[in-house]
Amino acid sequence: MTKPPKSKPLLRDMDAPIKSRPRKKRVVDQPALPFDEMPDRIDPALALLKQRPPGTGYLWEIKWDGYRVHVHVEPNRVRVLTRGGHDWSDRFPAIVEAAKELGPATMILDGEAVIFDDLGRSDFNLLQASLGASGKAQGNRASQAVMMAFDLIYFDGHDLRGLECSSRRHLLEDLLQGKDRAVRLSETIDGDPDTILEHACQLGLEGIVGKQQESVYRSGRTGDWIKCKCVLGDAFFVVGYEPSTSLTGGFASLLLAAYAGDTLKYVGSVGTGFKQRDLATLRTAMDKLGWKRKQPPVKYDGARKVVWVQPTLIAEIEYRAWTSDRKLRHSSFKGLREVQDNADVYRLIDDET
């Protein structure tokens, strides 16, 4: 029977200090930790309209009535970008100041800039009045505006768009925990979505938004996010106006159009919802920016006296339904969208044209 070999001592010199292997020099061109370069701009994920909430697997929250924005927090600046990529940082000073306090980590927050009424509801008209959105020169500030943040798509050197929605939500909640200034968390609501929608409508809110819990962040209207509205509301081009017979310099109604493929189609008019100050302001905007034209920009066979304008201004319209001939029913004017907001003008689908 052979004897096992003798084990070698761990250290030849038991009294000598223990030394680790010498480290190799790091390659300068190779970062110590991988990171994602911060995007200059990201097209937002958009919600698809549904009449009723679908089944399980969604995170639900309030649908805010304001301007969609992305807030970019960088080492030396904060930018508030609209859907169209325009920098409105100077128009939302309180949001900028609140976002600065979230650093020093870099981040991109997705949310809605809103102003609340006396009952705590987001009010698009109040926001528009604060911004002075009437087709005139820009520069007004919405100092009372608050950003309701509902997604975190970049954080501390990492692009989070590949993470599932629920994971991004956890990170966002940790980031905004206890924050109650001009950047606030849009809370998720647990419960039956039909009941949540019913209560939202009873409270006079615009509706609710649902996001698939396991979905990644994808730009555009992919169906990962859906919205259910208490009252329908969309953006339409103003293509003309019916002059007022009682108010000099005013108008009786605005004529509206939606996209029908590559062209525009007349979808009816709106004659309610205007405040007294809106009438003269809008008439001036149409006369100055609308560029009057002799021929209508849409097919029109009505008998009313109409002043046609170039499709330049975009109106946010609230309505109850569509008629059988594809006209808006019970429409009401909410305000003008701004070109920089890249408003999503309503598109008629093929079988509606």
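## Exercises on a predicted chain

At a relative accessibility of 13%, Lys-229 counts as buried, where buried means under 20% relative accessible area, exposed means over 50% and partly exposed lies in between (1.4 Å probe, protein chains only). The model is predicted, so local features need pLDDT of at least 70 and side-chain atom pairs count only at pLDDT 80 or more, while totals for chains, interfaces and linings use all residues. Residues are numbered from 1 along each chain as its sequence is written, and side-chain values use heavy atoms, with hydrogens and water left out.

**Exercise 1. Describe the surroundings of Lys-229.**

Step 1: Lys-229 is found in strand β10; helices (H or I, at least four residues) and strands (E, at least two) are DSSP runs, numbered from the N terminus.

Step 2: Leaving aside residues up to four places away in sequence, Lys-229 touches Leu-49, Lys-63, Glu-206, Gly-207 and Asp-234, a contact being heavy atoms within 4.5 Å.

Step 3: The side chain of Lys-229 reaches the backbone oxygen of Gly-233 at 2.3 Å, which is a polar contact, that is, a pair of N or O atoms within 3.5 Å; within protein, one must be able to donate a hydrogen and the other to accept it, and residues adjacent in sequence count only if both atoms are side-chain atoms.

Step 4: Although Lys-229 and Lys-50 are 179 residues apart along the chain, their C-alpha atoms are separated by 8.0 Å.

**Exercise 2. Decide whether Lys-211 is buried or exposed, and find what it touches.**

Step 1: Lys-211 lies in strand β9, and with a relative accessibility of 3% it counts as buried.

Step 2: Its contacts, not counting residues up to four places away in sequence, are Gly-57, Tyr-58, Leu-59, Glu-61, Phe-150, Cys-165, Asp-224 and Trp-225.

Step 3: For Phe-150, the backbone oxygen lies 3.5 Å from a polar atom of the Lys-211 side chain.

**Exercise 3. Check the length of helix α3 and find what covers it.**

Step 1: The expected span of a helix is 1.5 Å times one less than its number of residues, so the twelve residues of α3 (residues 165-176) should span 16 Å, and the end C-alpha atoms, which are 16 Å apart, agree with this.

Step 2: The buried residues of α3 are Cys-165, Ser-166, Arg-168, Arg-169, Leu-172, Leu-175 and Leu-176; for Cys-165 the relative accessibility is 4%.

Step 3: The elements covering these buried residues include β2 (58-62), β5 (107-114), β6 (146-155), β8 (183-185), β9 (207-212) and β10 (225-229).

Step 4: After α3 comes Gly-178, whose phi is positive, near 80°.

**Exercise 4. Locate the nonpolar cores.**

Step 1: A nonpolar core is a set of buried Ala, Val, Leu, Ile, Met, Phe, Trp, Tyr and Cys residues joined through side-chain atoms within 4.5 Å.

Step 2: The largest such core has 32 residues, and those with the most contacts inside it are Val-71, Phe-92, Ile-95, Leu-109 and Val-183.

Step 3: At least two residues of this core come from each of β3 (67-74), β4 (77-82), α1 (93-100), β5, α2 (124-131), β6, α3 and β8.

Step 4: Apart from this core lies another, of 27 residues, among them Phe-236, Phe-251, Ala-315 and Leu-336.

**Exercise 5. Trace the pairing of strand β12.**

Step 1: Strand β12 (residues 251-260) has eight of its ten residues buried, so it is largely enclosed by the rest of the structure.

Step 2: Two strands pair if DSSP finds at least two bridges between them; β12 is joined by six bridges to β11 (residues 232-243) and runs antiparallel to it, with Phe-237 partnered by Ala-257 of β12.

Step 3: Seven bridges join β12 to β13 (residues 263-270), again antiparallel, and here Leu-255 has Ser-269 of β13 as its bridge partner.

Step 4: β12 and β13 form a hairpin with two residues between them, and Gly-261 in the turn has a positive phi of about 70°.

**Exercise 6. Sort the cysteines Cys-201, Cys-230 and Cys-228.**

Step 1: A disulfide is a pair of cysteine sulfur atoms within 2.5 Å, and Cys-201 and Cys-230 form one, with their sulfur atoms 2.2 Å apart.

Step 2: The pair links distant parts of the chain, 29 residues apart, with Cys-201 in helix α4 (residues 193-202) and Cys-230 in the loop between β10 and β11.

Step 3: The torsion about the S-S bond is about -95°, so this disulfide is left-handed.

Step 4: Cys-230 counts as partly exposed at 23% relative accessibility; Cys-228 is in no disulfide, and the nearest cysteine sulfur, that of Cys-230, is 9.3 Å away.
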